[in-house]
Amino acid sequence: MTFDAVSLVLIIPLAAAAVLAALPGYKTSSRFNILASFLTLAGAVDLVAHRPPLGSYFLVDDMNIVFIALNTFVGFTTSVFSASYIAHEIRTGRLTPGLLRFYHVFYQIMMFGMNLALVTNNIGLMWVAVELATLSTVLMVGIYRTPEAIEAAWKYFILGSVGIAFALFGTTLIYAAAQPVVGAGMNGMTWTTLLAHSSAFDPAIMNIAFIFLLMGYGTKAGLFPLHAWLPDAHAEGPTPVSAVLSGLLLNVALYAILRFKILFAANAHVIPPGPLMMVVGLATAVFASFMLYPRHDIKRMFAYSSIEHMGIITFAFGLGGAIANFAGLLQMVMHSLTKSAIFFSVGHISQAKGTQRMADIRGLTESYPLLGWGLVLGVVAIVGMPPLGVFMSEFLTISSAFARAPWLALPLVVALLAAFGAIMRHTHGMAFGAAQGEIRPSEASFIPVFIHLGIVFAAGVFIPAAVVVWFQHVAKMLG
Amino acid sequence: MGTLDFNIAHMLAGALMLASMTMLYQKRLFALINIYALQAVILALSVAWQAVLQHAAQLYITALIAFLFKALVIPYALHRIIVRLRIHREIETVIGTGPAMLAGMALTGLAMAVMLRATANVDLLAREDLAFALAVLLLGLMMMVTRRNAVSQIVGFLSLENGLILAAAGTQGMPFVVEISIAFSILVAFVVIGVFLFRIRERFDTVDLRALDAFRGERRLAEAFPATTACNEGDEMP
Amino acid sequence: MSIAALLCCVALFIALSLLSAAVNRLFNATIIIYCACFAIALVMLWGGVVHLLTHASDMTIVLPIGLPWTGAHFKLDALAAFFLVVVNLGAATASFYALGYGRHEEAPHRVLPFYPAFLAAMNLVVLANDAFTFLFSWELMSLASWALVMAHHREKENARAGYIYIVMASFGTLMLLLAFALLSGPGGHYVFSGMQGHVLTPLRAAVVLFLVLLGAGSKAGIYPLHVWLPLAHPAAPSHVSGLMSGVMTKVAVYGFIRIVFGLLGGTGEDGGMAVLALGGITAVMGVLYALLQHDLKKLLAYHTVENIGIIFIGLGLALVFQADGHAAFAALAFTAALFHVFNHSLFKSLLFFGAGAVQTATRTRDMERLGGLIHRMPQTAFVFLVGCAAISALPPFNGFASEWLTFQAIIQGPVLTHWGLKTLVPVAGAMLALAAALAAACFVKVYGIVFLGRPRTEPAKSAVETDRFSLATMSFLALLCLLAGIFPGVFTSGLTPAVHEMTGAQMPQHAIWLSLVPVSAVRSSYNGLFIFIFIVLAAGVAAFVARRFGGGAPRQAPAWDCGFPLDDPATQYTAGSFAQPIRRVFGGHLFRASARVEMPPPGSLAPARLIRELHDLAWEEIYKRIAARVLCIAERLNRFQVLSLRHYLSIVFFCLILLLMVLTLWF
Amino acid sequence: MVLIDELILQGVQMTGVLLLPPLLLGVTRKIKARLLRRRGASVFQPYRDLLRLLHKRPVMAENASWLFRAAPYLIFAFTWSAAVLVPTFATGLVLGRSADLVAIIALLAAARFVLALAGMDVGTSFGGIGSSREMMIAALAEPAMMMVVFTLALIAGSTQLFAIAAYMASSAVGLRVSLGLSFLALMIVALAENGRIPVDNPATHLELTMVHEAMVLEYSGRYLALIELASAMKLLLYVSLIGCIFLPWTLVPAAGGWGACILSFLFYIGKLTAAGAVLALFETSIAKMRVFRVPDFLNVALMMGLLATLLLFVSKGF
């Protein structure tokens, strides 16, 4: 087993967490945080280049390599953003150096948890890893210690724990179904083994297991009606955490659902998981798009937008087929990049304006042209307009959905349109009109924002053939 | 597997469920915690018995953790919290014994109907354990739903989690049971510490909406700047 | 010119757009950008004209960008070439006009980067040959024009316009996407040539038509999807308004033609009937809205709605004739529609440019604050008059030529066998006539209030003539309006390849190319040149006689005032009072118009007030309700945001119970 | 030489429609006067009026623009070219082929457009009120007129007047309800377009009731002469139009020989006189409407035109 190839993306964050726990001074530690995230990214790149052979603990295939690459990349850019964001928080006294140490440690632990969940071949280990990632984000969400932040963290915590419990029960059931076929022990938890024998499993247990897994990991992915923790956790935590939550943690939960979906799809007697995912996805998208209207808090609004996108992605994967799966995958990548870019701008904006209340943010394109246009560009991307990447994935999702199941595509269209109207309505108010309030200089770091949007832009126009083949292969795996 | 072996396992699992059901209608917090401690002891016994049956040494560790941590440390900590938060005199409005029993039985019935039908091919022991585990899980969740007090909700979650450990231990040869139980213990510790650390006072959840909303960011904004009363007034396009 | 060269031009536009994002604050940026746009547009215009006139064969190209496994397909055929001409003629004139007009721009950095992108997107829509590229360009066009609408974002009105516009545009794109989804089938054959092979069930074809009407119709401004148009077009800088009204709506018409005629292969009679009816309603409603409107640019935008209605009457007729097997008549109707597309792009640009000149000179678009500009801006007044006459369908200008052709197509209606159509076609004819007559009334109002009479405010009194670039552009357009009216046969014969491509037939080519012959010379013909010459001669003779025998040069005297001198300009007829008879006749039901006089109580010194009310029913009955419903739903759902943790847990609990029960009971 | 003949005939037609209108006006006024038991002026009085106006030095309002001066010539030119296109006594003339009935209506619309603009140029309320009402009436009259055209085009298979006349003169027509309806519709439109009672009173100068006169209030001298001539020409045009469509038997084709032409011309004069008489009779026997009754009056025309088309489908069994 080539432990070293995989270990980079696991050990670096873990070691970094240990070092960060010891490092004094927020400047050093934020720089070290960037360095560690960069090394993890390098490790992931190495992983793309040299894929380790299949092991019973680790599995790196076409599918999770997408997630890993995305995860480490956004993790890195977020750490860059985080450095400038944190500096401002220290200066305004919202965070103390002590809390920051805590923050950086958990940042790396969270990265470790997510990477572990992605690379592992073991559904038990995956469960543990997701739990770890969740717990560390809970702590980061509550870091401001305001009543709102504590309320949000507590809600996240309780709902998340219930979700974790469900996922564990589902995992146990999978094992119970597998055990008569593959025998007791580690085999019953190894995903590749499970997949190979899935068709022989007892479908009745698998059905129950699917319900629990979908509800368990669905809570993490923010699917309706299990999403309640998500908006508040995004709104009340530090913005880098919001970016990571939206951009990465939701993906990890989705990844877990997808892995199980493949498992279930391989058994012909199990209730096909697709339709349930489609229904849940649609309900999520429609619900979240309407929830976008009465928002007052900018971060909470974009959190609902993330829920909406998770709904669309779940729908696309539920629909299945080469086109829809490709679209879902593309949408997921694009959403991660775009949404984290938006949160980067939003973080700087709320720092510059000193508020997250949208009614107090006016005329950004005039007062802070780069931030304002960055926000507009991000919003244009997230609502699915060309020339940015989300347009392509939504094009594929809707067209293949409408051609195959017209009645399911209509709610999707309603959701997209409603979300479009809502986000544009709020953005119009913030980006345009006469500028309001004093214009304070902002020392924002625009590089992460524009790197993300640049990639999204490039993907909207041209996707390299290698990536296409890669994604198509994943789409095929997903069935 | 002998009949006696099975019967003992069955009895322990049944007792676990019974404890869950009893918790549903406990009005006093201390009583609630005591029953929880009792449930934890039963869980420890149950897991230990599984260890005997499956010849799985690591399950003893799980049993030990369950006993030490869940039956001793956590109840003690919860006692302390209750005293510190001065809510030990409080009497909760919970559903009465009769309805609680009815609801509990309905949930148990559902759990049985779901699990027993599905697990026809699994070995008998695991089958019973899974069914009881689901029942305990549902009962725990129901308790979380019916209680308004943070501490009793936590207790609900803890009993829910006991069900999970039962299921994990009851399934033949499942790996990571120890790890999972440790992970859960950490989680529970966090929960308990969370209550303490975050100073979630007696009720973060009351019937009084205003008290509730004090901690809700969005609502506060909405109150200060009333939202459009779209349903009454009509259009609000910008 | 090869399609690759055309695409290079588009790429140049895009490069220009990026460049201007970088240099827009430079001193000369405005001139450089508009000059470059003008040059590129001329090249593309040349390409389109050459392709159309030489009857060149279709050219296609596939670029390895866009949708991965499909690539970006482009095709230049006769229809695309014609619309290239329309787009780039508009683009060239707008760019040239902007050389002068753009200097008055207060926020060039909000206009310059988006302007070339807008031009590029419109050209790309026309050239696109697969669904993805088409929608990509389509939405890009919306996005760029939205940015231009938001150029003057500080005004609340503009921000609202931009918002409604972008939402409607997104709605349209989604509808077109659904239409393409049906056309391409579950296999995802997004290339147009692949779609043409599909045979759809009648129901699916009807759904596609419906969706295209919603999608392309919302962009073109079909009633009642037009609401964004009169808000957004005026909000943009005037050269962009001209482009949006004169050209972008035509790109929407192109989309309709490409999908319905090209991909769907026509509709049944019922579908054509729906298009025809919508066209008629749009034409009349558009002009009625315009009559009641006193904002100069908004009024022009409503006239765009009217003219789109006329175009759709032509297209609807072409569809029904096609469905009934009368290819020659279909060709006639189609030619009429295309010719009107071309003509409208000319005079609408001209009018918007004129409006821009007026706005620059007076700083207002409110007609009630203008007046007497013919004295201050004589040249602008002259070319604007040409535009007014052209849009009012008066001979010898081009608007008349194309409406005449449309009417000729209507007169062929009785050959149709469908009874509904037999009744509908004459009604459409009446609506067309009504729209034309009302348009004339409306432009009497426009010209009479804005240019004639006495200045109503100080800025109108001190207005100065506009710059040379603007005048040159407007004069050029006015000349084209006249030429297309005098030599309509030349222009319609240029359309022949496009008409033939879409309908499989063409109008008869008359030996005397000067006259326009829809079917045969015995049935009807129109010779614009003769009419023009006769008019000129008649006016000349009259002038000669009057001068020769008349009683000397005129003497100046005060105007007749009934013996009650009051030289306040407010005593003049206003736009509102001009429209009053028409409001009274048509407004009662269509706009729920009402007017009442509020008398002060006896003894009070307060003046009596006339209170007028108008209701935009399309807005109030459809959009306001939808908006209210959306917000209402949102508010109801918003309770989910403020539930307590216990409630959230209950939701999770009941979900679980529900799913388990479903599982137990059903499986 | 057929071509030369045709050109001569065309010349006669052109001068005819230029010179005859005042006569028609004179005849109408004369008969009207007689009906009111007045002696009335000579039938040639309109000619004298026009000449006198021509010789007078015009007075312009101080605020008048170039449009105000150019308008009379344009109005005259548009009306004349429309009038020339309508066959009076001979059909199939050179110019007659260059445009059809739709174009004639459009030319009249152009004349009206210019006239309405001229009314607004000086900036008095009279001009505005006249222009506004004129355009409203036109907006209602034009669709009705188009319906008439539609009916005729359906019956005769053409919108060219010479073809319609030829068809109507043939025996293929027969008696039709549709024709009757469209005749009535055309009459109403003609009354409205020419500003005759009951739509407008050509003799009034009471500000609040007038339409046409309000627009030309500021004109004088040669400008007024041209406008008056144009409006008389328009009346002649409608009379010729009705004659050519509904009484086409007296028309001769261009190559019909001189004798027939002269005869036809005399018949035409007869038609004019008859039309003047009928018009005078009608106007003396009816009162002017309120302005906002006019739309109802014109809607009747529109309905009749539409009905004529629809009935045609029934009768002809298309």
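Me: What pLDDT does chain C average?
Reply: This is a predicted model. Chain C averages a pLDDT of 89, and 99% of the residues score at least 70.

Me: And which ipTM and pTM does the predictor give the complex?
Reply: The complex receives an ipTM of 0.90 and a pTM of 0.92 from the predictor.

Me: How many residues do chain A and chain B put into their contact?
Reply: Chain A contributes 41 residues and chain B contributes 40 residues. On the side of chain A that touches chain B, the largest share comes from H6(A), with 15 residues. By class, that side of chain A has 21 nonpolar, ten polar and ten charged residues.

Me: Changing topic: at what angle do helix H12 and helix H13 of chain A cross?
Reply: Their axes cross at roughly 170° and come within 8 Å. H12(A) is therefore roughly antiparallel to H13(A). The residues of this contact comprise 13 nonpolar, eight polar and two charged.

Me: Where is His55(C), and is His55(C) buried or exposed?
Reply: His55(C) sits in the loop between helix H2 and strand E1 of chain C. His55(C) is exposed, because 11 other C-beta atoms lie within 10 Å and a residue with 12 or fewer counts as exposed. Although not a glycine, His55(C) has a positive phi of about 50°.

Me: What about the phi of Ala393(C)?
Reply: Ala393(C), also not a glycine, has a positive phi of about 60°. Ala393(C) is buried, with 31 other C-beta atoms within 10 Å.

Me: Which residue does a cis peptide bond join to Phe224(A)?
Reply: That residue is Pro225(A), and omega is about 0°. Pro225(A) is in the loop between H8 and H9 of chain A.

Methods: Residues are numbered from 1 along each chain as its sequence is written. Chains are lettered from A and ligands numbered from 1 in the order in which they are written. This is a predicted model: local features need pLDDT of at least 70, side-chain atom pairs count only at pLDDT 80 or more; totals for chains, interfaces and linings use all residues. Axes are lines fitted to C-alpha atoms, for helices over the stretch in contact, and angles run from 0 to 180 degrees between N-to-C directions. Helices (H or I, at least four residues) and strands (E, at least two) are DSSP runs, numbered from the N terminus. Angles under 35 degrees count as roughly parallel, over 145 as roughly antiparallel, 65 to 115 as roughly perpendicular and the rest as oblique. Ala, Val, Leu, Ile, Met, Phe, Trp, Tyr, Cys and Pro count as nonpolar, Asp, Glu, Lys and Arg as charged, and the others, Gly among them, as polar. pLDDT is the predictor's confidence in each residue, from 0 to 100. Two residues are in contact if their C-beta atoms, placed from the backbone, lie within 7 Å. A residue is buried if 20 or more other C-beta atoms lie within 10 Å of its own, exposed if 12 or fewer, and partly exposed in between; C-beta atoms are placed from the backbone.
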